[in-house]
Each structure stands twice: as C-alpha cells, then as structure tokens.
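Subject: Structure handover

Hello,

Here is the structure I said I would pass on. Please keep it open while you read the notes under it.

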There are 2 protein chains.
Amino acid sequence: MLEQVRIVGAGLIGTSIALALSAHGIRVELVDSSSAAANLANDLVGASHVGSPDLVIFALPTSALPLVIDEEYQLNPNSTFMDVGSIKTHAIEHVKSSNLPIEQFVPTHPMAGREIGGARGARADLFEVRTWVLTPTPECTPKAIATVRELIEILGGQVLTMPADEHDRAVARISHLPQISASLLASSLRKAPPACLELAGQGLRDTTRIAESEPALWSEIIFSNRVEIKALLQELHGELGGLIESINDQNAIENFLKGGVEGRALIPGKHGGKARAYTHLPIVIDDKPGQLAAIFNECAAIHVNVEDLSIEHSPGQLSALITLSLSSHDAISLSKHLSDVGWNVHPILK
Amino acid sequence: MLEQVRIVGAGLIGTSIALALSAHGIRVELVDSSSAAANLANDLVGASHVGSPDLVIFALPTSALPLVIDEEYQLNPNSTFMDVGSIKTHAIEHVKSSNLPIEQFVPTHPMAGREIGGARGARADLFEVRTWVLTPTPECTPKAIATVRELIEILGGQVLTMPADEHDRAVARISHLPQISASLLASSLRKAPPACLELAGQGLRDTTRIAESEPALWSEIIFSNRVEIKALLQELHGELGGLIESINDQNAIENFLKGGVEGRALIPGKHGGKARAYTHLPIVIDDKPGQLAAIFNECAAIHVNVEDLSIEHSPGQLSALITLSLSSHDAISLSKHLSDVGWNVHPILK
C-alpha cells in the first residue's frame with residue numbers, strides 16, 4: 001500500500017503526480033533545486049512532510065539524475081525509486097553508475113504532457129487514460145515493480161511494458177520526429193512576407209503547435225537520442241528528395257498523400273493497436289436538448305456501441321448533423337432501426 | 001441585397017456556405033454531380049428552389065471549373081459568379097477560356113477547412129473570423145465585388161484583397177507546405193512497429209491531423225501550384241540536411257528549436273484562430289454501451305445542450321475519458337448535477 005511519496009522535481013510532471021496523489025489521500029512532498037518552485041508546488045498540492053517514503057520519484061530531466069541519485073538513495077535506502085524521463089537507456093546508465101542498487105529502480109515514461117510547463121500547468125488528471133511505459137531491467141525486484149504499478153493505477157494511467165532500447169527507438173519516431181518536423185516548418189515561417197501569414201489557417205496552427213516547446217529541454221532530449229533520430233531524419237530527407245523529384249507527376253503526388261492517409265490511420269484512436277476503420281452514420285436532428293439522449297437510448301436499446309461522435313451545428317441553426325462512428329455491423333443495424341422509428345438517417349458513408 | 005444564391009458543389013465549403021446563408025434567411029440551393037450528395041446537403045440546410053440567383057458560387061475543385069462554367073453562365077447570364085478554389089491564377093485562366101465574361105467573375109479563397117470533407121463536415125460557422133482572400137482581376141465590376149463582399153460579411157469572414165499570383169505564392173508556404181509536412185510525417189509511421197504506435201501522444205496527433213485530407217483533391221492543388229511549392233520543398237530539404245549534419249552538436253539543435261519557437265510566434269493566433277469559445281467538461285466513464293446514453297439523459301434532464309464531444313481511450317482499458325464542449329453556463333450546471341448523481345466529473349477546463 002502506497003502511503004508516502006517523495007517527488008524530486010516540482011515541474012509539470014512532478015506536480016501533476018503530486019496533485020493526484022494528494023487527492024487520493026496519499027502523503028506527498030516535493031523537493032526542487034529551486035525553493036520557489038518547490039514552495040509553489042507544495043502549496044498547490046497541499047503537501048505534508050514525508051518521513052519515510054515508499055516511493056521516490058525523479059521527475060526531472062535525465063541529465064540531472066546524476067546530481068540527485070546518490071543523495072536521495074542515502075536519505076531513503078529502503079525506498080523504491082523511479083524516473084519519468086524521455087530516454088530510458090540513459091536513465092538506466094545513470095543509475096548503474098550511482099550507488100543506488102539497480103534492483104530498486106524502475107525506469108518509466110508517462111506519455112502525457114502539455115505545452116504549458118511548470119507547476120502552473122499541472123493537473124491531477126494529466127495521466128488519466130494515458131499510456132505509461134515501464135522498461136524494467138532484469139534485475140528489478142517484483143516489489144519495486146508492484147509499487148510503481150500501484151502508483152500508475154492511482155493516477156489512472158495504462159501500463160505498457162517494453163525493453164528500454166525498444167522504447168527509445170519508438171519515441172524517436174512518434175515523439176521526437178514530430179517535434180523536429182513541427183520546428184522545421186515553423187522555423188521556415190521566418191522567411192514569409194508578413195501579409196502571407198494573415199492567410200494562416202488551422203492546418204498550419206496544428207502542424208506547428210508543438211514548435212512552442214521549450215528548446216533547452218528538447219535539445220537535451222534530441223541530443224540524447226540522436227543515434228535513433230539521425231536514422232529517421234535521413235529516411236525523411238530521402239523521402240522529401242523523392243517528392244521533389246516527382247513534383248511534376250500528379251499521380252506520384254497523390255500516392256505520396258495516400259501514404260500519409262495510411263500512416264495517419266495507424267495511430268490508435270480508441271481501442272488501441274491499429275485504429276479501427278469505422279463506418280460513419282450521418283443523422284439530421286433538431287438542435288435542442290434531449291435529441292442526443294434519444295439517439296443514444298435507441299443505440300442502447302439495440303446494444304450498439306458508439307465509438308465516436310461528431311456534432312456539427314452552430315448557434316442560430318435549427319438542425320444539427322451528428323455523425324456516429326460505429327463498427328460496420330452496428331452501423332447497418334442502427335441505420336435500419338433509426339429509420340424504422342422515424343429518424344432522419346442519411347446513407348452510410350464509406 | 002443578396003436574396004438568392006446558387007451553389008455548385010455540395011461538399012464541405014459549399015454546404016457550409018449554404019448553412020450560414022439559410023440561417024440568415026437567404027434562399028439557397030445546392031447542385032452537385034452526385035445527387036446523393038446534393039440531397040444530403042439540401043436536406044441539411046433546408047434549401048429551397050432558387051429561380052434567379054444574385055450569385056452563383058463554384059464550390060468545387062478548380063480542375064472541375066471548365067465542366068460547369070459555360071452551362072452555369074447560360075442558365076443565369078446576369079448573375080455574379082465566384083469560386084472558392086485554392087489556386088487563383090488557374091481559376092482566372094479557366095474563366096478567360098470560357099463564355100463567362102471575366103467582368104462578372106470574382107476569384108476568392110476562404111482560409112477555412114476541415115479534415116472531414118463533404119456535407120457531413122459542414123458547419124455554419126466555418127468562416128467566422130477567418131480570412132477570405134479576394135483576388136479580383138482589373139476587369140471585375142464594382143457590382144460583382146460588392147456582391148461577393150456582402151456574402152463574406154454575412155458569413156462572418158474577413159476580406160483580404162491581393163493579386164492572384166501573390167496569393168498563390170503565400171498559400172504554397174502557409175497551406176501546401178504544412179500539408180506536405182504532415183503527410184510526410186504520417187507516411188513514415190507505416191514503417192513503425194505496431195507497439196511503437198501505442199505510445200502516440202497529442203503531439204503526433206496534432207502534427208499529422210491534416211494528413212487525413214483527401215489525396216485526390218490535394219494532389220490537384222499541389223500539382224497546380226508545383227512551381228511555388230518546389231522552391232519551398234528545396235529550402236526545407238536543405239534545412240533538414242543541415243540539421244542532420246549538426247545532430248552531434250547540442251547547441252546547434254537548441255538554435256534550430258529556437259528558430260521554430262520564433263517562427264511559430266509569427267502566426268497571428270489571437271484574432272485569427274480562435275472562434276468558438278466553449279467550456280470543456282471532462283468525465284471518466286466505463287467503456288460500454290449505455291454510458292453515453294446515460295450521460296445525455298442527464299444533460300436532457302436539466303436542459304443542457306452539448307455543443308461537441310470527444311472520446312479518448314487507451315489500449316486495453318476499461319474506462320474512457322469523454323470531454324463535453326458546452327456553454328460556460330451549461331458546464332457549471334452540468335458539472336454540479338453529474339457530481340450530485342454520482343458521475344466521475346473532473347474540474348472544468350479553462
């Protein structure tokens with residue numbers, strides 16, 4: 001049973017963990033090299049003094065681990081220790097070079113964050129339904145792993161276990177490469193005439209949002225994982241070169257774009273693994289309270305599970321278009337059922 | 001005074017225009033080569049027959065213009081005509097090769113869109129506070145321009161006038177380059193091991209969102225504007241090559257990322273992007289049929305109208321995080337009501 005937790009690092013991740021633990025009645029205390037940061041965070045979470053923590057969490061950049069490991073181990077030699085950094089092989093190396101026995105250390109990485117850093121960006125539900133990767137070494141004790149799993153369960157995260165090197169290769173592709181891509185694109189806007197930027201739409205904004213991330217933090221992450229990242233950048237460089245060469249061929253451009261649609265579809269939306277191809281059922285409803293409830297009651301009545309939903313309307317309109325995302329089987333059943341009972345259902349899309 | 005509008009093309013843009021006009025009491029009719037698409041759109045907007053339109057809007061890909069211009073001009077020789085295509089120099093060329101007098105034609109481009117195409121993605125507020133570019137030729141009559149300006153004003157758009165070639169150069173950078181960047185990144189995901197994709201976070205999702213755009217439509221846009229685009233791709237290719245060469249230099253990486261922060265800051269965010277200020281209410285539910293119905297029944301019971309909804313799950317989990325978008329007043333009422341009756345409601349976001 002987790003009763004007392006000590007968190008080293010009062011930034012976004014550390015403070016968010018502390019908020020959630022505190023809300024669950026677990027004693028928590030944050031320490032930080034900046035006492036101002038520590039005070040703000042401890043105030044925010046209603047922290048209390050932690051005498052003998054079951055768990056010590058290193059919630060700071062991986063490069064800062066060597067500065068704190070030995071001291072923390074000396075303070076609480078019987079605790080379990082974990083980190084939350086982005087590059088797992090490096091965290092393990094740092095621990096192996098320290099006095100902290102590797103058996104007591106669990107390397108982890110929560111796949112959650114915000115572009116608002118620090119304690120002020122913290123929120124207790126930051127980890128709810130997010131993947132939280134564990135990359136335990138073979139030496140790790142079952143007790144240490146159980147303690148960390150209990151923490152993640154309390155925070156609402158979903159544990160995914162994989163080897164550290166596999167994790168580092170994966171984040172190079174799904175986290176570090178998008179960061180570089182966004183920065184590259186945003187950086188090029190510096191060459192645009194000002195009038196040009198007035199045409200900026202949502203596409204440009206979304207594609208460059210993470211270019212706002214903290215350069216000091218991210219240069220460390222990218223530098224640490226540069227071997228994996230370099231290979232991916234070379235791959236991207238080659239693909240871009242190929243596109244430039246075939247820019248006079250409309251079919252080649254279309255095939256390139258189709259590759260993007262295919263790749264995008266691989267990102268898990270709901271039930272994980274490969275995203276399901278949903279069938280979309282458009283229904284025109286009156287835009288007033290009760291209509292959606294009525295639709296969902298019909299779904300429940302015939303045991304249809306709605307995977308996702310979009311609602312398209314705006315103030316002043318008298319009707320709304322809702323589009324339900326369903327399995328193809330459910331879409332057919334529901335379409336027939338709703339039509340039978342008098343709803344304005346349009347033909348199934350794709 | 002705009003009284004009757006005919007829209008050729010019942011896709012996202014045409015149907016969104018129609019929705020807004022209809023809400024303003026202006027008679028509108030959509031026609032489309034697909035009668036299913038036209039029926040869905042006309043049903044959605046409450047269209048009525050338009051006998052003699054003041055304005056005919058070509059809301060279809062620029063390459064399809066030659067297929068409809070002459071027939072539309074013959075039907076309504078006294079109307080004003082406009083298009084909404086992405087490449088203005090080409091639209092003007094098509095009209096100059098047709099029977100439609102160039103004086104009656106206004107080339108335009110609304111800077112608004114969604115990755116959900118077709119009538120089902122349409123929304124009446126799609127153009128609210130968005131830039132809408134006009135690239136009138138010197139021959140254009142003041143009456144034609146006034147008619148189009150009236151339309152844009154009704155739709156809540158903001159008129160920006162510039163020469164057609166300048167427009168085409170600008171969209172290459174702020175629209176077509178982001179599209180290619182997103183597709184390039186998304187496309188590379190096809191090489192990722194499946195387990196890797198389970199780590200996907202919001203950064204990857206945002207950066208690749210527009211990779212879902214329609215390849216047939218976008219290959220035409222990119223091909224049409226390939227001269228402008230090629231120069232930008234070569235620039236990007238060079239920058240990427242430079243980053244690869246300096247990947248062992250952490251300072252160089254940090255400078256590269258700072259360039260991204262600077263470029264991102266140039267996007268006019270505050271007045272351009274943000275249109276719909278909803279309050280977001282996160283609720284954790286069991287992921288099984290009937291749960292959404294139950295939530296919507298609670299909404300109906302206290303007369304709360306849900307504006308939009310997102311559902312978020314992770315691999316293998318038993319619960320889902322749903323976020324309802326509501327007016328701030330409704331959010332407060334619903335939050336209290338749901339908590340009172342035992343739902344797991346989280347604090348209101350922003």
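Predicted model: local features only at pLDDT ≥ 70, side-chain atom pairs only at ≥ 80, totals over all residues.

Residues are numbered from 1 along each chain as its sequence is written, chains are lettered from A and ligands numbered from 1 in the order in which they are written, and side-chain values use heavy atoms, with hydrogens and water left out.

Domains. Chain A is divided into domain 1 (4-162), domain 2 (166-265) and domain 3 (279-345); such bounds come from an automatic or database domain assignment. Between the C-alpha centres of domain 2 and domain 3 of chain A there are 37 Å.

Cores. A nonpolar core is a set of buried Ala, Val, Leu, Ile, Met, Phe, Trp, Tyr and Cys residues joined through side-chain atoms within 4.5 Å. Buried means under 20% relative accessible area, exposed over 50%, and partly exposed in between (1.4 Å probe, protein chains only). The largest nonpolar core has 55 residues, and those touching the most other members are A:L199, A:I222, A:L233, B:I174, B:I222 and B:L233. The most residues in this core, eight, come from helix α6 (residues 164-188) of chain B. Another core, of 41 residues, lies apart from it and includes B:L12, B:V45, B:V84 and B:L151. Helices (H or I, at least four residues) and strands (E, at least two) are DSSP runs, numbered from the N terminus.

B:I222 has contacts in both chains: A:I247, A:I253, A:L257, B:I180 and B:I229, leaving aside neighbours within four places in sequence. Contact means heavy atoms within 4.5 Å.

Helix packing. Axes are lines fitted to C-alpha atoms, for helices over the stretch in contact, and angles run from 0 to 180 degrees between N-to-C directions. In chain B, the axes of α6(B) and helix α9 (residues 215-224) come within 11 Å and cross at roughly 125°. The two are therefore oblique to each other (under 35 degrees counts as roughly parallel, over 145 as roughly antiparallel, 65 to 115 as roughly perpendicular, and the rest as oblique). On the α6(B) side, B:S175, B:H176, B:Q179 and B:I180 meet B:W218, B:I221 and B:I222 of α9(B).

A second pair joins the two chains: helix α6 (residues 164-188) of chain A packs with helix α11 (residues 250-265) of chain B at about 55°, their axes 7 Å apart. α6(A) and α11(B) are therefore oblique as well. Residues that meet here include A:I180 and A:L184 from α6(A), and B:F256 and B:L257 from α11(B).

Single residues. Which residue has a positive phi of about 55° although it is not a glycine? That is A:V129, in the loop between β5 (105-110) and β6 (131-134) of chain A. A:V129 counts as buried because its relative accessibility is 2%. B:H303, also not a glycine, has a positive phi near 60° and sits in the loop between α13 (291-301) and β9 (308-312) of chain B. B:H303 is exposed, because its relative accessible area is 63%.

B:Q104 belongs to the loop between α4 (88-96) and β5 (105-110) of chain B and is buried, at 18% relative accessible area.

Regards
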